[in-house]
Amino acid sequence: MMRLTLFGTRGSLAAPGAETTRYGGNTSSVEVRESDGTVLVLDAGTGIRRLGTQIPPSTARVDILLTHLHMDHIQGLGFFGPLYDPRVDVHIWGPASSTLSLEARLSRYLSPPLFPVHLRDLPRVTCHHVPRLPFDIGPFHVQTSLVCHPGPTVGYRIQSEGGAAAYLPDHEPILALRNGQWREPEWISGYDLAAGADLLIHDAQYTDEEYKQRVGWGHSSYSQTFKFAGYVGAKELVPFHHDPSHDDETLDHLLENTRLQFQPRFGVSAGEEGAVFELTSK
Amino acid sequence: MSHPIQIILTRQLAGYLSVPLFLVNPKGDLLFYNEPAEILLGRRFDETGAMPAEEWSSAFTPLDDTGEPLPPEKLPLMITLTTHRPAYRKFVICGLDGVLRPIEVASIPITGLQDEFLGAAALFWELSQ
């Protein structure tokens, strides 16, 4: 069984407060756990701090899969407890740039003056560029692909015996559509990753009105995300990467209105902090 | 299987350019050309669709200054596909509409972040313009 827990669902900036208690204020971080105890962490936004406190002490290895290095996806990294535990091997995976290694790019944040501890001083951390070909981490089969978002950004498809989960938290596929048409899957950013996924966690940062003012910023509106999920044949959609200006009430309305508008054949679950999804082979 | 994002975005960029652009994959198969290129090539992309390299390289008949056919290996795009380096040449093209047009062509490799060769794009310019 694959179990996914949302520890951070917010995009761009943490947004704690009374008005965001259900959807949460922490930025992107998702735990993926298999029955044998293997743990993957998707992104290292501020949600990773609490995620780190939930990892059993007996865990010897944790793999952190970064989609990209925008601040809302790495800000919590230095507060991830297992990084400082000499008994735990931490492997950090992320996209390459054309000039700097992942370690060098992460060190720009994990070093003074932005952070007191150097990445190189952490006990058992190994950085990897995500390979172009699929790879395995324990029982997980991991597929990656660069997707439509400013700067090197990957999406992930995680497959195990339990099922397949696709994670595309920052994604603007509509930008690459020809004449705005959802057709020709080979030309749809992220299609291979999301096709037929049992669970699709996908960027839904904006309303349609907001999107018009933010074209090219790398994010999707709720309705675009519903269209993407329908086109790829996802079985369940979790709108994710909520705009920091959207409070719980706004997000409830967005979800319900979009659901009513599209009446999707796939399931839709609110991307609330603390939400748990279990994928079990049937 | 989806095209690499660099190819997807190149097609998107081409759609917003007035410069004719012709996009191929690493094997040289035609993936896309934009509306300005349709005028030079004499047919809409929606009519031709994607084409194997051997098909398009003979369909759009390239000729040298003397009117002799140019072998495929002398075409900038084919040079780029072979060498993974930019290439440039002036020649005459006979489009699918049968019209001869003198053009210059610059081709560039599309190389990914880890130096993987993903395809090539050729930018055209009609010399009579």
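Author: Let us begin with one residue. Pro26(B) touches Phe117(B), Leu118(B) and Gly119(B), leaving aside residues up to four places away in sequence. Two residues are in contact if their C-beta atoms, placed from the backbone, lie within 7 Å. This is a predicted model, in which local features need pLDDT of at least 70 and side-chain atom pairs count only at pLDDT 80 or more, while totals for chains, interfaces and linings use all residues. Residues are numbered from 1 along each chain as its sequence is written, and chains are lettered from A and ligands numbered from 1 in the order in which they are written.

Reader: Where does Pro26(B) lie?
Author: Pro26(B) is in the loop between E1 and E2 of chain B. Helices (H or I, at least four residues) and strands (E, at least two) are DSSP runs, numbered from the N terminus.

Reader: How exposed does Pro26(B) count as?
Author: Pro26(B) counts as partly exposed, because it has 15 C-beta neighbours inside 10 Å. A residue is buried if 20 or more other C-beta atoms, placed from the backbone, lie within 10 Å of its own, exposed if 12 or fewer, and partly exposed in between.

Reader: What is the order of the strands in the open sheet of chain B?
Author: The order of its 6 strands is E2-E1-E6-E5-E4-E3, with antiparallel pairing. Two strands pair if DSSP finds at least two bridges between them.

Reader: Which strands stand at the edges?
Author: Strands E2 (30-33) and E3 (61-63) of chain B do; each has a single partner strand, so one side of each is left without a neighbour in the sheet.

Reader: And how many bridges join E5 and E6 of chain B?
Author: Strand E5 (residues 100-111) and strand E6 (residues 117-126) of chain B pair in the antiparallel sense over 9 bridges. In E6(B), Ala121(B) is the bridge partner of Ile108(B).

Reader: Turning to the two chains, how many residues of each are in contact?
Author: On chain A there are 19 residues in contact with 13 residues of chain B. Strand E8 (140-146) and helix H4 (191-194) of chain A are the elements giving two or more residues to the side of chain A that touches chain B.

Reader: How many helices and strands are there in chain A?
Author: Chain A has 7 helices and 14 strands. Of its 282 residues, 51% count as buried.
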